[in-house]
Amino acid sequence: MTDTLTASAATTDATPRFAAAKAASRRLATATSGERDRGLESIAAALLAAAGRVLEANARDLAAAQSAGMAEGLQDRLRLDQQRVARLADAVLQIAALPDPVGEVLRGRTLPNGLRLSQVRVPFGVVGAIYEARPNVTVDITALALKSGNAVVLRGGTAAQHTNGVLVDVIRDALAAAGLPAEAVQSVDDLGRDGAAQLMRARGFVDVLVPRGSAALIDAVVRESTVPVIETGAGVVHVFLDASADERMATEIVVNAKTQRVGVCNALETLLVHRDAAPRLLPAVAEALQRAGVVLHADDEARAVLPDAVPATDADWATEYGSLDLTVGVVDDLDAAVAHIDRFSTHHTESIVTNDLANAERFLAEVDSAVVMVNASPRFSDGGEFGFGAEVGISTQKLHARGPMGLPELTSTKWLVRGDGQTRA
């Protein structure tokens with residue numbers, strides 16, 4: 001089962017919802033930090049109180065996903081339990097505790113004519129989000145949007161429609177209880193594919209749109225949207241084991257990167273190994289991976305060391321599996337590894353395992369991805385792990401935001417100019 005933009009529904013004009021979000025965004029933009037924080041605290045408490053309703057709805061979504069044959073990695077993204085609901089509530093509280101970006105002065109000066117300039121952070125206004133089978137995103141994006149003074153319009157996909165419906169109801173009621181407009185959180189899930197299409201065309205109401213999901217979904221949003229899009233990329237993530245890599249470190253990082261949670265965008269999909277190190281490293285790494293249930297798809301050189309591996313196809317190198325599958329290749333050197341990554345990467349996250357400082361610095365400098373690591377699992381490429389409380393997504397583009405997006409990335413800026421009657425000659 002693939003949760004894309006394919007659900008259908010009777011056409012209904014979503015413009016009133018977009019207009020209500022726009023009006024609510026003006027109230028949020030002028031709300032104090034304390035007011036917005038109290039709204040988030042109300043949401044966290046309401047999530048815990050409504051956990052039974054949320055889990056009942058999630059069980060319905062999971063049953064439908066299983067019947068439709070959804071991949072286990074995607075089911076894991078969809079699944080909630082009591083602990084995960086508690087973590088969602090805790091993430092909301094962590095976001096509430098973060099510094100408020102709204103009003104932060106980025107720079108300023110006084111001109112020779114006496115005009116006083118300051119550039120400050122301001123909310124975007126209305127943030128749209130289109131995503132797949134991930135009810136945690138409903139809570140994370142909403143909390144980040146509200147903390148940064150934005151309203152939000154959500155399209156969470158048909159696979160999570162029951163879960164998201166309950167979550168949105170709980171969040172709206174909690175906002176109203178805290179004295180903030182419930183209309184600041186809108187959903188178009190009930191409108192199916194047409195709701196997504198209207199959201200992508202809601203220029204003038206929605207200020208920015210963030211897609212999160214498969215490469216196909218992200219590509220569709222980028223191509224079809226008239227609303228400005230912050231592109232969060234699919235994750236064809238690489239780890240390169242350099243000639244000097246320590247066997248134990250390499251094994252632990254690769255196993256963690258592939259198996260700690262397989263359905264997420266920062267999970268490992270391609271392992272590259274320096275030719276000089278392949279006979280030394282591959283047997284131990286492969287044995288640990290296979291014990292964890294990983295199916296290896298290897299090129300000819302890697303299969304010389306790993307004869308039981310599945311032959312890799314050309315398509316494997318560009319595949320984000322979201323499952324316990326991993327492509328393995330042997331490369332001549334660091335230059336070849338960087339060239340391979342440049343060709344097949346989605347520019348999300350890449351890591352090198354090495355004891356060579358010069359090679360580590362070259363990898364950091366030459367690999368053109370949003371997050372580049374040395375001797376660390378790419379699973380750390382995450383807003384929560386980076387200390388953002390949660391993340392909107394991991395942007396793989398270069399304009400406005402790149403890498404894990406937190407609160408500052410949900411703001412724009414404006415210039416404030418204070419004068420005393422100056423006129424321009």
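**Notebook: pockets and helix packing**

I began with the lining of the largest pocket and sorted its residues by class: eight are nonpolar, nine polar and 13 charged. I note at the outset that the model is predicted.

**Entry 1. The largest pocket**

I looked up the volume of the largest pocket and found about 920 Å³. Its lining comprises 30 residues. I then asked which residues lie nearest the centre of this pocket. They are Arg87, Asn136, Asp140, Arg261 and Asp382. I also checked which elements give two or more residues to the lining, and these are α5, residues 82–97, and α6, residues 135–147. The largest share, six residues, comes from α5.

**Entry 2. The second largest pocket**

For the second largest pocket I recorded a volume of about 400 Å³. I listed 28 lining residues, and Leu74, Arg77, Gly213, Ser214 and Glu320 are the closest to the pocket centre. Helices α4 (72–78) and α9 (215–224) each contribute at least two residues to this lining. Sorted by class, the lining holds 11 nonpolar, 10 polar and seven charged residues.

**Entry 3. α5 against α6**

I turned next to the two helices noted for the largest pocket, α5 and α6. Their axes are 10 Å apart and the packing angle is about 15°. Angles under 35 degrees count as roughly parallel, and α5 and α6 are therefore roughly parallel to each other. I noted the crossing of this pair as right-handed. On the α5 side the contact is made by Leu88, Ala91, Val92, Ile95 and Ala96, and on the α6 side by Asn136, Val139, Asp140, Ala143, Leu144 and Lys147. By class I have eight nonpolar residues, one polar and two charged in this contact.

**Entry 4. α2 against α6**

I then examined how α6 packs with helix α2, which spans residues 33–49. The angle is about 160° and the axes are 9 Å apart. Angles over 145 degrees count as roughly antiparallel, so α2 and α6 are roughly antiparallel to each other. The crossing of α2 past α6 is right-handed. From α2 I listed Ser33, Arg36, Asp37, Leu40, Ile43 and Leu47, which meet Val139, Ala143, Leu146 and Lys147 of α6. I counted this contact by class as six nonpolar, one polar and three charged residues.

**Entry 5. α10 against α11**

Last, I looked up helix α10, residues 247–259, and helix α11, residues 278–291. How do their axes cross, and within what distance do they come? They cross at roughly 40° and come within 9 Å. I recorded the passage of α10 across α11 as a right-handed crossing. Glu247, Ala250, Thr251, Val254, Val255 and Lys258 are the α10 residues of the contact, and they meet Arg280, Leu281, Ala284, Val285, Ala288 and Leu289 of α11. By class the contact has eight nonpolar residues, one polar and three charged.

Terms used:
Residues numbered from 1 in each chain as written. Predicted model: local features only at pLDDT ≥ 70, side-chain atom pairs only at ≥ 80, totals over all residues. Heavy atoms only, no water. 1 Å grid on protein atoms, 1.4 Å probe; cavity = no way out; pocket = protein on both sides within 12 Å on 5 of 7 lines; lining within 4 Å. Points joined across faces, edges and corners; volume = space filled by probe spheres on them. Helix = DSSP H or I, 4+ residues; strand = E, 2+ residues; numbered from the N terminus. Nonpolar A, V, L, I, M, F, W, Y, C, P; charged D, E, K, R; others polar. Axes fitted to C-alpha atoms, helices over the stretch in contact; angles between N-to-C directions. Parallel < 35°, antiparallel > 145°, perpendicular 65-115°, else oblique. Left-handed = near helix turned anticlockwise from the far one by under 90°. Contact = heavy atoms within 4.5 Å.
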